Amino acid sequence: MNEPLTLDPDRLFPADPQTREVAQELYATVKDLPIISPHGHVSPDLLLDNAAFQDATDLFLRYDHYVFRMLNAAGIDLERIGVGKVPTTDPRGAWRIFCENWHLLDGTASGYWLTHEFVTLFGLDVMPSAETADEIYDRIAARLAEPDFRPRELFNSFPIAFMATTDDPLDSLDSHAKLAELTVSGAIKGRVAPTFRPDAYVNARKPEFVEKVTALTASVGAAPDDFRGYLEAMRASRARFVERGAVSADFGVSHPRSLDLNDEEMSALYRACVGGDPSPEEADAFESGMLTRFAGMSIDDGLVMTVHPGVFRNHSTAAFDRFGPDTGHDIPVATEFTRALRPLLEKYGNDKRLHLVLFTLDETVYSREIAPLAGFYPAVYIGAPWWFIDAPDSILRFHAATSEVAGFSRLSGFIDDTRAFLSIPARHDMNRRLDAAFLARYVREGRLSLSSARHWIHRLTDEQPREIFRLG
Amino acid sequence: MNEPLTLDPDRLFPADPQTREVAQELYATVKDLPIISPHGHVSPDLLLDNAAFQDATDLFLRYDHYVFRMLNAAGIDLERIGVGKVPTTDPRGAWRIFCENWHLLDGTASGYWLTHEFVTLFGLDVMPSAETADEIYDRIAARLAEPDFRPRELFNSFPIAFMATTDDPLDSLDSHAKLAELTVSGAIKGRVAPTFRPDAYVNARKPEFVEKVTALTASVGAAPDDFRGYLEAMRASRARFVERGAVSADFGVSHPRSLDLNDEEMSALYRACVGGDPSPEEADAFESGMLTRFAGMSIDDGLVMTVHPGVFRNHSTAAFDRFGPDTGHDIPVATEFTRALRPLLEKYGNDKRLHLVLFTLDETVYSREIAPLAGFYPAVYIGAPWWFIDAPDSILRFHAATSEVAGFSRLSGFIDDTRAFLSIPARHDMNRRLDAAFLARYVREGRLSLSSARHWIHRLTDEQPREIFRLG
Amino acid sequence: MNEPLTLDPDRLFPADPQTREVAQELYATVKDLPIISPHGHVSPDLLLDNAAFQDATDLFLRYDHYVFRMLNAAGIDLERIGVGKVPTTDPRGAWRIFCENWHLLDGTASGYWLTHEFVTLFGLDVMPSAETADEIYDRIAARLAEPDFRPRELFNSFPIAFMATTDDPLDSLDSHAKLAELTVSGAIKGRVAPTFRPDAYVNARKPEFVEKVTALTASVGAAPDDFRGYLEAMRASRARFVERGAVSADFGVSHPRSLDLNDEEMSALYRACVGGDPSPEEADAFESGMLTRFAGMSIDDGLVMTVHPGVFRNHSTAAFDRFGPDTGHDIPVATEFTRALRPLLEKYGNDKRLHLVLFTLDETVYSREIAPLAGFYPAVYIGAPWWFIDAPDSILRFHAATSEVAGFSRLSGFIDDTRAFLSIPARHDMNRRLDAAFLARYVREGRLSLSSARHWIHRLTDEQPREIFRLG
């Protein structure tokens, strides 16, 4: 017998009936608000090309490292499910393997999101399994072929008010220029904006660094080892991003260390890095010095600064060599903010023009470091739980750890941070339910009035991300 | 329409009706017990002068960095709300700004305490807002003018059985001598005691260190660089504190590192420190060596040793320069106890005469380090959650992290640690409710009998702080 | 009046009635399954000798450092309760002291387990206290004298399907050979297996290291400083363990650091260690290099590799000198896995033949490091909460921290890790209730179907430990 696949209308709400009622009421006030997604990894070309999605395997498995890493852990060769440099020639077979292993995702955020997507977008009502794999594959294929299932139509129907992509400083941003025209024409009923992400041009430990900065400095006609030219090129690129509608600059640093170094010191470090063989200390110091420089640029050009630190990228060299980056083996490490960010905050922390949003994969810093920093510095905002901890229990822990220290006004709102376009509504809906669940508990415990809870859930879903990310 | 300001009689209790009933029953047994406050920052002169409080702004904003830091984060210049080296000339205007921004405190412990104070002490029934600011200001002013609203009358009505202040080793303690007379005469119906806090005389990284130890050693006629004289002066000062009723010595060290060094080693470090330019290692080693020395002095004179480590003080130099210390930008850091305290515990940890109460702002150490240490060493007690984590969810996490490892007998009881005199009943009431909520859950889960829960809530509120702080 | 001692049939289940009902249903499906105990510290001779237990003091106090450390903290001299190198001459007096102090265990896991044991194994119905101590002592004595209360009869009645002990590489394993015969004959209705634990032969910081490795290398006729001989002896010992039914090798390293060093490098480090005065760096590097070597051996011989890191052993030298190791003062420290294990995982992490089960006392690593590692590497499994955190709230935190990141398939199942034979059913029952409570919450929150929850609680209790520990 096939198991049904269902979505409980009260999912994620607290068990206590009175608290649940408050959560239902709060959720109802925000559930239909347009989605604001100020940080993510959807390709602009997805919307520009507006092609039909290929098949279930390409759509749900090939690129979703949250999902396929669990199959890898179960000992399934990723090439069999279509992951890797070339797509599988047997997508239906790959889908079968996935459905047979559906239970691996039980309890995970990915399992929760996929269930939401399968039910709401595809009308599926049976749980994936060996028996149901083909039926599901076919039903998905039929839906993908329908004209209202193109990326733009989905974008408009979710609906998304604002979506940021993540882009290379040397990207032409031509796709974004064309998307802007589609927004003006009404073909896309929301805004899509690029995000400036210069990691590859700052991290001199990476082999591609020299090639990257050579191209960057060349863009302003400077020599590769000219630090002033490097800064000028960064500023020029950011200006292009701003012109194309960017609202933020994102930094995937290994550690949120900052240093306040003068031009001479920075020039010397830069030359050592461009020389191709910097010491680890020189590479670190250069990255730390640049973090502070980027904060200064944000004050000048208004780009919100988001920091995503504390991940050991590509932990498995074998998997990296076979499948490339973002294939499920980036592993978090303990991360320190209080001392690390001090030089930057000494210089710019009291400047309201800077909006610095801090993300973490190390939950211990929420009550200890991030909330205390955001509870004092006008420039610091608390980013939503990210990646592995972008999940129901983790999000409730996050709220419990930050709200007592810094209230709700310092939260920059939910960030889906996803490559998986179809998962965007599922993720935002999850978060709205959890905000409702958390605030309902405070109401039930006599810590917050119902009207204040209504105020905050609306602000967290709508006004606060708009204000903090300067969406205008 | 103005929103009402209310206090739910069942606030902070668990939602489940059966568990809530147990919590109500447990809370009822302790809610009226006199307050024991063995660590705090109220000035003895407040009670000695017994002057009427000035106005709402001076009372609630000017000195409460838990509150005004949130306004600073919101971009409000602190001078506009009366913070700083000179008071504001427009306290009513400052109060208006605060009331307009009342929602910033939603969800925070400070918002919870202020609500308690506004309702119970001032009979307020409207929520602070732009519209209600003036009315509230005036109602507070009227109440402040009433004769039963003087500090001593409040002290007696809360009622407080014991309250410790925090004092400098060279303080004359004259205020405390006079307060003791007032206790004897019955004007104050509880005991007020000083606390020995020698940080400024131990931390050689601080610029004032040399001046401080010069004055200290002079108090016993010793040369500034005479380590024996320094120790003698410390002991003499502690003896004066004991004579004036002190029960504890408090250490706000940056890290709970201890070292067991002999006199020769300590003398050399001390001389390096007094020389005015110690290396960071020398300053650290001196502070670590003194921590162990102070434990030895506690064994001799009976002062309970409380340690409050792990804060990066005055994180923002700009704010420090404008507003001084304790102005909202002390930020916690990760803190290690197991290795750090070992030298001290090797020497004194098995000596029951030492009572060493460990506080932390790093919650990760509760189950990992502090509870295991307190579950073995007779000298070690578990301090209550402190500062940023002195809040409902944090306190429940604290209990969940420590009780399974070390039961309830090693808890030294609630500490309000506050400058905000009027918040003392609100804070203790909060903690009694949370103890009730936590113990009720264990009763409901079949982990504790109701009579044991009754036993423990009484001990945690009354006997245990009396015994551990040796209140006699 | 004596207080009753009771066991709530719904203990540890969630308070919400609907969630509780689901928990009851899930628990009912696993509560009677035979116990699988793949890691513990019961002596094989207990079952081999099958002698009656001596008395309550010897049984419950003398060896249970979870319990007697709490009495030590309360200032009770451990010799008075029978701890130490010689047993007490007054076991009844010792028992009285324990019963007088019963409340010290309120809220702890040990108190919970002892209550379970007293009620289910001894039929006790009064709470231990000064008044009831003698009665309880006598009732326990009477029960201990009954023929069905011998170790083997208890083993069969619990019932235990598989139990691992922990053994020295040079142990003859004769006891295990005889136990295997008893299993074949049906006198023991389950399997008892040794576990290879070579810590003393790897940690060159320990004074006994040279003596240990001298004996080890001699077992294969090699010179003490011959690294190839050392490796050969390790392999030979593991082969003997495998032959005697061992399923795992356990590593109580201070830190989970690994290094991938070649034979020449390892030989040099080994010689430095055998030389008797290695630098701390050499001792560390040797231990780290051996961790990777042992992973390689596991791939060859199939022994599951379990790692128990992050404890500062014998924190109190005074207690160690009086009472020896395992006497309540091993204190956890923060532990890092992501970087530490990388060399080992680079070499073997993608090899399904390796089963590497990671344990921790530092809860912060569950969501940050261990679950992400186990969610990718086929070789990595998540060990159950251990020691201080093997307790109800901690176990629920563990599930909440890991399941969202890595689902349920990477959990190796409950481990009792105990010396206290009688506590084994209490511990496993506790864990089954908590698995039921956790899964029931997910069902109630619409995150898991009831049938999936049934699937997982059975797998976690039975199939998964059998598969991961290769019980055949």
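Mentor: What follows takes several labels in turn and sets each value against its definition. This is a predicted model, in which local features need pLDDT of at least 70 and side-chain atom pairs count only at pLDDT 80 or more, while totals for chains, interfaces and linings use all residues. Residues are numbered from 1 along each chain as its sequence is written, chains are lettered from A and ligands numbered from 1 in the order in which they are written, and side-chain values use heavy atoms, with hydrogens and water left out.

Trainee: What makes the contact between Arg143(A) and Asp148(A) a salt bridge?

Mentor: A salt bridge requires a side-chain nitrogen of Lys or Arg within 4 Å of a carboxyl oxygen of Asp or Glu. The closest N and O atoms of Arg143(A) and Asp148(A) are 3.0 Å apart, and the pair therefore meets the definition. Over all chains, the structure holds 123 salt bridges.

Trainee: Why is Arg143(A) called buried, and what is Asp148(A) called?

Mentor: Buried means under 20% relative accessible area, exposed means over 50%, and partly exposed lies in between (1.4 Å probe, protein chains only). Arg143(A), at 19%, is therefore buried, whereas Asp148(A), at 40%, counts as partly exposed.

Trainee: Which parts of chain B does the salt bridge between Arg11(B) and Asp429(B) tie together?

Mentor: Their closest N and O atoms are 3.3 Å apart, and they form a salt bridge. Arg11(B) lies in the segment before α1 (17-28) and Asp429(B) in helix α18 (residues 424-444) of chain B, so the pair ties together parts that are 418 residues apart in sequence. A helix here is a DSSP run (H or I, at least four residues), numbered from the N terminus. Arg11(B) is buried, with a relative accessible area of 5%, and Asp429(B) is buried as well, with 11%.

Trainee: How do you know that the salt bridge between Asp393(C) and Arg447(B) joins two chains?

Mentor: The side chains of Asp393(C) and Arg447(B) meet at 2.8 Å, N to O. Asp393(C) lies in helix α17 (residues 392-406) of chain C and Arg447(B) in the loop between α18 and α19 (450-468) of chain B, so the pair joins two chains. Asp393(C) counts as buried at 7% relative accessibility, and Arg447(B) counts as buried at 12%.

Trainee: Why is the relation between chain A and chain C called a three-fold axis?

Mentor: Copies are superposed by least squares on the C-alpha atoms of residues with pLDDT of at least 70 in both. A rotation of 120 degrees with 0.0 Å of shift along its axis superposes chain A on chain C, with an RMSD of 0.0 Å. That is the relation of a three-fold axis. Chain C is likewise superposed on chain B by a rotation of 120 degrees with 0.0 Å of shift along its axis (RMSD 0.0 Å).

Trainee: Which residue of chain A comes closest to the rotation axis?

Mentor: In chain A it is Asp16(A), at 3.6 Å (C-alpha), and in chain C it is Asp16(C), at 3.6 Å (C-alpha).

Trainee: Finally, why is Leu124(B) called buried?

Mentor: Its relative accessible area is 2%, and Leu124(B) is therefore buried by the cut-off already given. Leu124(B) lies in the loop between α6 (109-122) and α7 (133-144) of chain B.
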